[in-house]
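Biologist: I am new to this structure. Please show me how to read a few of its features.

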Amino acid sequence: MSAKLIRGTEISCRIKKNLQREIIRYKTTIHSCPSLLSIQIGSSHASEVYLLAQEKIASELGVAFIKKNFKTTAKPKEIVDFIQRQNKNSKVTSMMIQHPV
């Protein structure tokens, strides 16, 4: 069996173009902009870099990006209450929790 060259950049571009079309369709159908809320608990350089990448890609795709930071000293109830409030927020269509937790 011979090796197959995988062109990651080309695949990534195709995926982004497909996502852009889906997001335009969503905006037209739902009359709302999709959004990503990234919740960071604590801080680390790797997490910060990942959040910046999320924000950049969200911008490229036409997705609103919201970032919420909690200190490592935040009480679990505070974080859970925030997440529950955001679940009721119609402007928030997706959420991610960033490590470290």
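Modeller: Helices (H or I, at least four residues) and strands (E, at least two) are DSSP runs, numbered from the N terminus. Residues are numbered from 1 along each chain as its sequence is written. This is a predicted model, in which local features need pLDDT of at least 70 and side-chain atom pairs count only at pLDDT 80 or more, while totals for chains, interfaces and linings use all residues.

Biologist: Which elements each supply at least two residues of the lining of the largest pocket?

Modeller: They are β1 (35-41) and α2 (45-61). The largest share, 5 residues, comes from α2. Among the lining residues are I23, Q54, I57 and T93.

Biologist: How do the residues of that lining divide into nonpolar, polar and charged?

Modeller: Ala, Val, Leu, Ile, Met, Phe, Trp, Tyr, Cys and Pro count as nonpolar, Asp, Glu, Lys and Arg as charged, and the others, Gly among them, as polar. Here the lining has 8 nonpolar residues, 4 polar and no charged.

Biologist: Is I79 buried or exposed?

Modeller: Buried means under 20% relative accessible area, exposed over 50%, and partly exposed in between (1.4 Å probe, protein chains only). I79, in helix α3 (residues 76-87), is buried because its relative accessible area is 10%. Contact means heavy atoms within 4.5 Å; leaving aside neighbours within four places in sequence, I79 is in contact with I41, F70 and A74.

Biologist: Where is H31 placed?

Modeller: H31 is in the loop between α1 (8-30) and β1. With a relative accessibility of 68%, H31 counts as exposed. Its phi is positive, about 60°, although H31 is not a glycine.

Definitions and conventions: Side-chain values use heavy atoms; hydrogens and water are left out. On a 1 Å grid over the protein atoms alone, a cavity is a set of points where a 1.4 Å probe fits but cannot get out, and a pocket is an open set with protein on both sides within 12 Å along at least five of seven lines; lining residues have an atom within 4 Å of a point.
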